[in-house]
Amino acid sequence: MSQFTFPSPPPSPEAEAFRAEIRAFLATELADRAPIDRAQSWNGLDPAFSRRLGERGWLGLTWPKIYGGHERSALERYVLLEELLAAGAPVGAHWIAERQSGPSLLRYGTEAQKAAILPRIAAGECFFCIGMSEPDSGSDLASVRTKAVREGDGWRVNGTKLWTTNATHCHSMILFCRTAPVDREHRHAGTSQFIVDLTLPGITIRPVRNLVGEHHFNEVVFEDVLLPEDALLGREGEGWAQVTGELAYERSGPERFLSSFWLLVELVRALQPAADARAEIALGRLGAQLVTLRRMSRSVAGLLQAGADPALEAAMVKDLGALVEQEIPEVARDLMAEGPPTPQSRAFAEVLAYTTLHAPSFSLRGGTREILRGIIARGLGLR
Amino acid sequence: MTPPEDDAGAMLRETADRLLADLMTPQARARAIGEWPEDLWSALAEVGLPAAILPEAAGGFGVPVDAALSLLTIAGRHALPLPLADTMLAGLALARAGMEVPDGPLAVAQGSAMTLDAAGRTTGHAWGVPWGRHARAVVVLAEGRDGPVLVALPGDALTVEPGTTIAGDPSDAVRFAAVAAPGAPAPFGADELRAAGAATRALMIAGALAEVSAMTVRYAQERRQFGRAIGQFQAVQQNLAVLAGQAASATAAAGLAAEAVAAWGPGMLPAIAAAKVRAGEAAGQGASIAHQVHGAIGFTQEHRLHDFTRRLWAWRDEFGREAQWAQRLGRHLIAAGPDGLWPAITAA
């Protein structure tokens, strides 16, 4: 049986010093933001805020300086992310580019690709979306049907991507698609990744509204889209390995347990000045979950920093984190009786409604609960 | 804080793991019920495990406190039916008060109305004292005229009313009337002492739950029904994944607790409260899945699963249940207010 390790998170005095600097910045920067805006967590979109982070040197924090990065530690970046999320900062515009696309480019990109794109991401001027899911391919990513076929010096792409968050606000997509027919023996083979400029002819982006009526998701249709040769990211046919290599980064961060955090803030505000024993116990239970998850998540950050591959530990953080994120609105509604609206209770009610409505997505996005538990079971030697 | 792979802690754990694997045979375990297994305790004492947490001057190895405490995950891993945790806890408390640490098994007693009279004699009673009847000394925090005094009551000066935990381990009520015993002003309060005790339970829960997770996975791979190993059924796999997640959470909580004890002071309370709540929840949820997967055989006395699950249920109760610690933590977080909530979480 494989062992899961959650070593003590490495101490980082620089990161703690950085924390104070971040808190001071956010206190003024976010002072006027309404509770309902803060509750949006990493769905909150504000390109101007992303650019201000870029100006401060807070995007691409760990990347090499030659690509616009700042060569600081992964632990400092962790502190930055958790402080941004806990404060309800609108990080959505750059989130995917900074968390996922940039690191993929650093790992698999050519010199020219890195030089052209990374400095723009680090400046908060270039946003990315993820082109993985399709109408008939959700959890079963290997079943994607979008195809890129070699043509001349480049590629011709046809197919449809779905659930593409923020596609209308993004400059580029990292597209995952087939570049060779399905081989039944090796169904993960024959897939590749491409960097797609979303302004290319043949790309149509249509909004898909979520259950609240908001437009975050999109359908992105590719009709005979011609990609240049250098759009290929990494190696042809290695798409699956490249995509799964990103997952530990995607699944273990503080965004995996802080999505409902602003509701907890509003709950504490609403419980002031005195809370009864039931509220204290309920708050304490949630606090204990968050404190422990934060330690696990920081532990994975330490493993990543040390060059380990904590994919299983990351799956655990995400599975457990989503449970807490979904429990917070249930606990919050249970503790607060309905009464005549006051300005304070109105803010609480708005944030509660927002979080309740978005909670189902917490155990779907980035790997469903069932997929994550399957990954953990495989790690235990059961599959 | 300790570096991720502290050598001292790893060495201690390996030594203890080998020793306990040899010692804790089913026969030894059966013998430990009801009688004091002096030979087992001596074997532990011979390699210095009960004293590992003490400063070198007091007979310890001079390893960091959290590294020494990590021994308790090994105690949990072997469902140890001996008061190693309690002896370490009592030793740590005595050493912090600058007192001599007696040899032999020790216990910390929590109770109410424990007082020290003008002649320095201690009177009071306590209950739920782990292995109280076998303790060479029972450590209590008595209320003296000038504040709390840590007192090491000699075991033979106590009146013991025997009891047991849900796991069958001794858990006794003790009474003491005007007992003259060594004491010193306590450099900490009852809260800190109780928190340190709760931390020892979180550590043992983490070790036991990791073992329960591993043995449950093994069982699911061996037990066949409907023509295949039950671990091949997705419903069982998903439950085992949840069990492993609970075990991992308890491990993280245990690390948090050990570091908080090492940093001893009022600041240790929120971290240990979080750790005891989380480890306690993990114990309950984990034990439940382990029994479900083991089926009827796991419900027999013959099978060793209950050595672990019964202790998980005992340890989650000792030194405060989840609700008690959750209330403390909750009160702390609510008092921090909306602006202080996140800083309180990062400080825990």
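This is a predicted model: local features need pLDDT of at least 70, side-chain atom pairs count only at pLDDT 80 or more; totals for chains, interfaces and linings use all residues.

Q: What two things describe a packed pair of helices?

A: In general, you give the angle between the axes and the distance between the axes.

Q: How many residues does each chain bring to the whole contact between A and B?

A: Chain B brings 42 residues and chain A brings 45. On chain B's side, α7 (190-222), α8 (234-262), α9 (268-294) and α11 (322-347) each give at least two residues. The largest share of that side is from α11(B), with 15 residues. Split by class, chain B's side has 27 nonpolar, 11 polar and 4 charged residues.

Q: α11(B) keeps coming up. How far apart are its end C-alpha atoms?

A: Good one to check. The idea is to compare the end-to-end distance with what a straight helix would reach. For α11(B), with its 26 residues, the ends are only 20 Å apart, while a straight helix would reach 38 Å at 1.5 Å a residue.

Q: Where does α11(B) bend?

A: Look at G337(B): α11(B) bends there by about 125°. A proline, P338(B), follows within four residues.

Q: Now strands. Which strands pair with β7 in chain A?

A: For strands, look at who pairs with whom, and in which sense. Strand β3 (residues 154-161) of chain A pairs antiparallel with β7 (residues 215-227) over 6 bridges, and V157(A) sits opposite V225(A). Strand β6 (residues 203-209) of chain A also pairs antiparallel with β7(A), over 7 bridges. There, V208(A) faces F217(A).

Q: What should I look for between the strands of a hairpin?

A: Check the residues linking them. Between β6(A) and β7(A) there are 5, and G213(A) has a positive phi near 100°. In chain B, antiparallel strands β2 (residues 111-116) and β3 (residues 121-130) are joined by 4 bridges. Their hairpin has 4 residues between the strands, and G120(B) takes a positive phi near 80°.

Notes: Residues are numbered from 1 along each chain as its sequence is written. Chains are lettered from A and ligands numbered from 1 in the order in which they are written. Two residues are in contact if their C-beta atoms, placed from the backbone, lie within 7 Å. Ala, Val, Leu, Ile, Met, Phe, Trp, Tyr, Cys and Pro count as nonpolar, Asp, Glu, Lys and Arg as charged, and the others, Gly among them, as polar. The expected span of a helix is 1.5 Å times one less than its number of residues. The bend at a residue is the angle between axes fitted to the seven residues ending there and the seven starting there. Two strands pair if DSSP finds at least two bridges between them.
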